[in-house]
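Please consult the sequence and the structure shown below while reading.

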Amino acid sequence: MQAELFDALMAYREQKRPVAMVTRLEDGAQALVTPSGTEGALDLSNAQIDEARTRMRDDRSGISADGAHFTHVHNPPLRMIIVGAVHISQLLAPMAALSGYAVSIIDPRASFATEDRFPGIALSDDWPDEAMEAMNPDSRTAIVTLTHDPKLDDPALHVALKSDAFYIACLGSKRTHARRLERLREEGFTDADFQRIHGPAGLPIGAVSPAEIAISVMAEMTAVKHGTEPLRAAA
Amino acid sequence: MDKYDPTQQDDILGRIAEWRRDGRRIAVATVIKTWGSSPRPVGSQLAIDDSGAMIGSVSGGCIEGAVVREAMQSIQDGKPRTLDFGVSDEQAWDVGLACGGEVKVYVERIEGQ
């Protein structure tokens, strides 16, 4: 591995940015692939770059079908940022942690985001936009807003929609969600942004209890992560 | 509270970076393919320096000896190598995998700073 590529690989890792090293096994020529570019001496076809990015999204290192190239995925841990330290969050946070996500909960309201209610979970009582900006969500981050309160959910969404977060979901009825989109439109967001928002949050599995809603969110997020997304509710 | 995070890889690359700063000559072996049951998944790494010191693993200890020998060669000649290990291998009796799996390992030198 060339010194420059090793240094670049380490820099991406330290910045917690996803990157993949593609190696041509025959002679060791290598290139780094990120979600936005490539670098290194090995020239890759568009199909090879696409394969590397698919592997990054799936978190699946491996060799190409023809056996000529190995793609080594170096992903930061998956993260979930939950806005709202509410009852559903108390179920969703441990479920996500069990599934390998590093979970953070943001809620500036007193007595919501407490260690008693969320043992072992990273908590922030900063205002959602400031807290989210500090967390710098990336393409391995899921963001779920659960407060129903525009004062808290909307600032978080503003940051979420400007990030590469792979999953953005908002709890609330269809009516609540329609009003949310109206407010976002007034702030300058567009239909392309709205396509990224899963609202109401979760797969339509008839979830009622907080645990069931958490399951529906986990399932939808997992489907999106793997690029399957098979079960959107009929409009 | 520290929670076990199954998505977090062992920080082999971080250790390699430390070795590099110390001026050591280094090769790294990476599991690039597995068949059947094998102890370490694709992407697992073993780093070796020119004194034979190693960090990480590419198996449960079954093939590390052979991989270290090849890695020392790679440190000397700078050439990458692709190694196959498994019960179907002729070398099975001395460096085969007891679990019955097969692994393919890529070995490369890490150039210094």
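## The surroundings of Pro18(A)

In this predicted model, Pro18(A) is in contact with Thr34(A), Pro35(A), Met56(A), Asn75(A), Pro76(A), Ser139(A) and Arg140(A), leaving aside its neighbours within four places in sequence. Pro18(A) belongs to the loop between α1 (3-14) and β1 (19-24) of chain A.

Pro18(A) counts as buried because it has 21 C-beta neighbours inside 10 Å, where the cut-off for a buried residue is 20 or more. Val33(A) lies 15 residues from Pro18(A) along the chain, and the C-alpha atoms of the two are separated by 8.8 Å.

Strand β6 (residues 79-83) of chain A pairs with β7(A) in the parallel sense over 5 bridges. Within this pair, Val103(A) of β7(A) stands opposite Met80(A). Ala122(A) in β8(A) is the bridge partner of Ser104(A).

## The nonpolar cores

The largest nonpolar core has 43 residues, of which Ile82(A), Val103(A), Ile105(A), Val144(A) and Val217(A) touch the most other members. The elements of chain A that give two or more residues to this core are β6, α3, β7, α4 (128-135), β9 (141-145), α5 (150-161), β10 (167-170) and α8 (210-225). Not counting residues up to four places away in sequence, Ile82(A) touches Ser89(A), Leu92(A), Ala93(A), Val103(A), Ile105(A), Val144(A) and Leu146(A).

Another core, of 39 residues, lies apart from the largest one. Among its members are Phe6(A), Phe70(A), Ala47(B) and Ile63(B).

## Helix α1 of chain B

Helix α1 of chain B spans residues 12-21, and Ile16(B), Ala17(B) and Arg20(B) in this helix are buried. Seen down the axis of α1(B), the buried residues fall within an arc of 105° and therefore line one face of the helix. An α-helix has 3.6 residues a turn, so residues three or four places apart point the same way.

The face of α1(B) turned away from the buried side carries Glu18(B) and Arg21(B), which are exposed. The cover over the buried residues of α1(B) includes α1 of chain A, together with β1 (26-35), β2 (45-49) and β5 (102-110) of chain B. Just after the helix, Gly23(B) takes a positive phi of about 80°.

## The contact between chains A and B

The contact takes 22 residues from chain A and 21 residues from chain B. On the side of chain A that touches chain B, the elements giving two or more residues are α1, β4 (62-63) and β5 (69-74) of chain A. Of these, α1(A) gives the most, with 5 residues. By class, this side of chain A has 13 nonpolar, 8 polar and 1 charged residues.

Methods. Residues are numbered from 1 along each chain as its sequence is written. Chains are lettered from A and ligands numbered from 1 in the order in which they are written. This is a predicted model: local features need pLDDT of at least 70, side-chain atom pairs count only at pLDDT 80 or more; totals for chains, interfaces and linings use all residues. Two strands pair if DSSP finds at least two bridges between them. Helices (H or I, at least four residues) and strands (E, at least two) are DSSP runs, numbered from the N terminus. A residue is buried if 20 or more other C-beta atoms lie within 10 Å of its own, exposed if 12 or fewer, and partly exposed in between; C-beta atoms are placed from the backbone. Two residues are in contact if their C-beta atoms, placed from the backbone, lie within 7 Å. The arc is that of the directions from the helix axis to the C-beta atoms. Ala, Val, Leu, Ile, Met, Phe, Trp, Tyr, Cys and Pro count as nonpolar, Asp, Glu, Lys and Arg as charged, and the others, Gly among them, as polar. A nonpolar core is a set of buried Ala, Val, Leu, Ile, Met, Phe, Trp, Tyr and Cys residues joined through C-beta atoms within 7 Å.
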